[in-house]
There are 2 protein chains.
Amino acid sequence: MKIGELAKRSGLSAHTIRYYERIGLLPYADRDRSSRRDYDASILTWIEFLGRLKATGMPIREMLRYAALREKGSGTEAQRRELLDQHRTRVRAHVAELQACLLVLDAKIAGYADAEKRMTQYDTTLPERRRKPAGARQARAR
Amino acid sequence: MKIGELAKRSGLSAHTIRYYERIGLLPYADRDRSSRRDYDASILTWIEFLGRLKATGMPIREMLRYAALREKGSGTEAQRRELLDQHRTRVRAHVAELQACLLVLDAKIAGYADAEKRMTQYDTTLPERRRKPAGARQARAR
DNA sequence: CTACGGGTTCGAGCGCACTCTAAGTCAAGG
DNA sequence: CCTTGACTTAGAGTGCGCTCGAACCCGTAG
């Protein structure tokens, strides 16, 4: 598989794939006789996993540490597990934080929704928004 | 409250506070007669809310849109609600993605934990890690 | 009076993660 | 043979969100 094909399949750009190889996130790819990268489908699994790490906010620096351990092969499993374990802890904390923020967001949005409802009912500030009082209660529901 | 005090209370640096004012994320602060910023405690509420937006990944560009609507005052509630509502949707999606990634991470970690356990039991690669076979099953539990 | 510990402005610099450009190589199709 | 288009490299540029430095100002304590 050439780099263009891999780009399509992985969702990364060819530029990014070369960049990842340059910094050591992807292993140095075999080249054909005209020095073009030729990939094995198995690289996709690795790219996909890198994507998960990235999606969960792992900085490239740390992915590099993981990639290096992986390259090094057996004997590094405990360190790899440790690294992922620590990352998981951070991700869990992050999810918890997001959920807390969502509650705040919910409250804020509910506040605005209330304000809107009141406006529609009593017509305090936006005359052009007036509706028949009877139907106003349901207005703008989403 | 002077900028240093606000920095301490808000967790932002004085540099960042000035930067936020410069770009319009914080309202232009009143100055004392020697042109130093003098803050009202109420700014903390706003900074805290900005922190939530930031924590949930809202780019500054969009916080600026929200801040501008807020400055503009009443009549912008519907737009503010809309903005926050869209953001909430994105955050929820992001949380879902993180949770999916966590499952992958869990599986990967479990895989490594298994490998370690097997190593400890059969002593294949790391002799210095050997333990009495009888107790090895429970080793390294977390 | 002077030193110090804040503060001020403006603009430059940084770290991250790409993203793109320029100039060149190569293989296949018309 | 010539064009096309996908590839190669090294290195420069981008966008984001700060972060810092330089030079200066000001009020108070010793």
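**View 1. Helices of both chains line the surface near DNA strand D.** In this predicted model, H1 and H2 of chain A, joined by helix H2 (14–23) and helix H4 (60–72) of chain B, each supply at least two residues of that surface. Helices here are DSSP runs (H or I, at least four residues), numbered from the N terminus. H2(B) gives the largest share, five residues.

View 2. Look for N or O pairs within 3.5 Å. Tyr20(B) places a side-chain N or O atom 2.7 Å from a phosphate oxygen, while a backbone N or O atom of Gly4(A) sits 3.0 Å from a phosphate oxygen. Arg36(A) brings a polar side-chain atom 3.2 Å from a base nitrogen.

**View 3. H1(A) meets H2(A).** The axes of H1 (residues 3–10) and H2 (residues 14–23) of chain A come within 8 Å and cross at roughly 100°; axes are lines fitted to C-alpha atoms over the stretch in contact, with angles from 0 to 180 degrees between N-to-C directions. H1(A) is therefore roughly perpendicular to H2(A), a label for 65 to 115 degrees. Ile3(A), Leu6(A), Ala7(A) and Ser10(A) of H1(A) touch Ala14(A), Ile17(A) and Arg18(A) of H2(A), with contact meaning heavy atoms within 4.5 Å.

**Notes.** Residues are numbered from 1 along each chain as written, with chains lettered from A and ligands numbered from 1 in written order. Local features need pLDDT of at least 70, side-chain atom pairs 80 or more, while totals for chains, interfaces and linings use all residues, and side-chain values use heavy atoms, leaving out hydrogens and water.

Key: Parallel < 35°, antiparallel > 145°, perpendicular 65-115°, else oblique. Polar contact = N/O pair within 3.5 Å; in protein donor to acceptor, adjacent residues only side chain to side chain.
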